[in-house]
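Biologist: I am new to this structure. Please show me how to read it, one feature at a time.

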Amino acid sequence: MALKYPNSQDVGYSLNKYFMNKKIEITRRLEFDAGHRIPHHDGHCKHIHGHRYVIEVTLMGNVLNHQGHGDDGMVLDFGDIKKITQEEIVQKWDHAFLVAREDQALVNFLATLPGHKTVIMESIPTVENLAQLAFSTLEPIFKNRFEGRLNLNRLRLYETPNCWADVHA
């Protein structure tokens, strides 16, 4: 049985005409390790500890029709998502200690460790706040670098395999 597409006998033509104008979501996943603590927490999270974070960056856009170019048929090359996310988030947070500026005792202690990779944050480094910070960092970069044709639709940050925060556009 032949697959039929609306208004055409030519499957290739119909595929381009019928499907290629739809918005597509693509997602790239990266991982990094970081330490933190939640200073006013009533449980174990008030102690210094770390996580294997997973960040998923989901972009929405149209599939490109750039015949003869490497990005033909893509929303964006996954390598570009990886490169930007690596540069803007992962390299800065990987194997760092993420600490709230208000956690002055810990900020002062970390300052005594020569060469320690410390990232001082304006908010408590909960997964929710980290996800919002990552989204607000990446959203204008993807929009501006690709001339408004891409939207950062969702950013998911896993703190553990069972716990994560989603930020939506």
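**Reading the fold**

Biologist: How many helices and strands are there in the protein?

Modeller: There are four helices and six strands. Helices (H or I, at least four residues) and strands (E, at least two) are DSSP runs, numbered from the N terminus. Along the sequence, the pattern reads α-β-β-α-β-α-β-α-β-β. This is a predicted model: local features need pLDDT of at least 70, side-chain atom pairs count only at pLDDT 80 or more, and totals for chains, interfaces and linings use all residues. Residues are numbered from 1 along each chain as its sequence is written, and side-chain values use heavy atoms, with hydrogens and water left out.

Biologist: What share of the residues counts as buried?

Modeller: Buried means under 20% relative accessible area, exposed over 50%, and partly exposed in between (1.4 Å probe, protein chains only). Of the 169 residues here, 37% count as buried.

Biologist: Which residues have the most contacts inside the largest nonpolar core?

Modeller: A nonpolar core is a set of buried Ala, Val, Leu, Ile, Met, Phe, Trp, Tyr and Cys residues joined through side-chain atoms within 4.5 Å. The largest one has 35 residues. Those with the most contacts inside it are I55, V57, L59, W93, F142, L155 and L157. Helix 4 gives the largest share of this core, eight residues. Apart from it lies another core, of five residues, including F97 and V107.

Biologist: Now helix 2. Why does its span agree with its length?

Modeller: The expected span of a helix is 1.5 Å times one less than its number of residues. Helix 2 has 16 residues, so it should span 22 Å; its end C-alpha atoms are 21 Å apart, which agrees.

Biologist: Where does helix 2 bend?

Modeller: The bend at a residue is the angle between axes fitted to the seven residues ending there and the seven starting there. Helix 2 bends by about 55° at Q86.

Biologist: Which residues of helix 2 are buried, and what covers them?

Modeller: The buried ones are I81, I84, T85, I89, V90 and W93. Their cover includes strand 1, strand 2, strand 3, strand 4 and helix 4.

Biologist: What happens at the ends of helix 2?

Modeller: D77 caps the N-terminal end: a side-chain oxygen lies 2.7 Å from the backbone nitrogen of G79. Just after helix 2, H95 takes a positive phi of about 55°.

Definitions and conventions. Contact means heavy atoms within 4.5 Å. A polar contact is a pair of N or O atoms within 3.5 Å; within protein, one must be able to donate a hydrogen and the other to accept it, and residues adjacent in sequence count only if both atoms are side-chain atoms.
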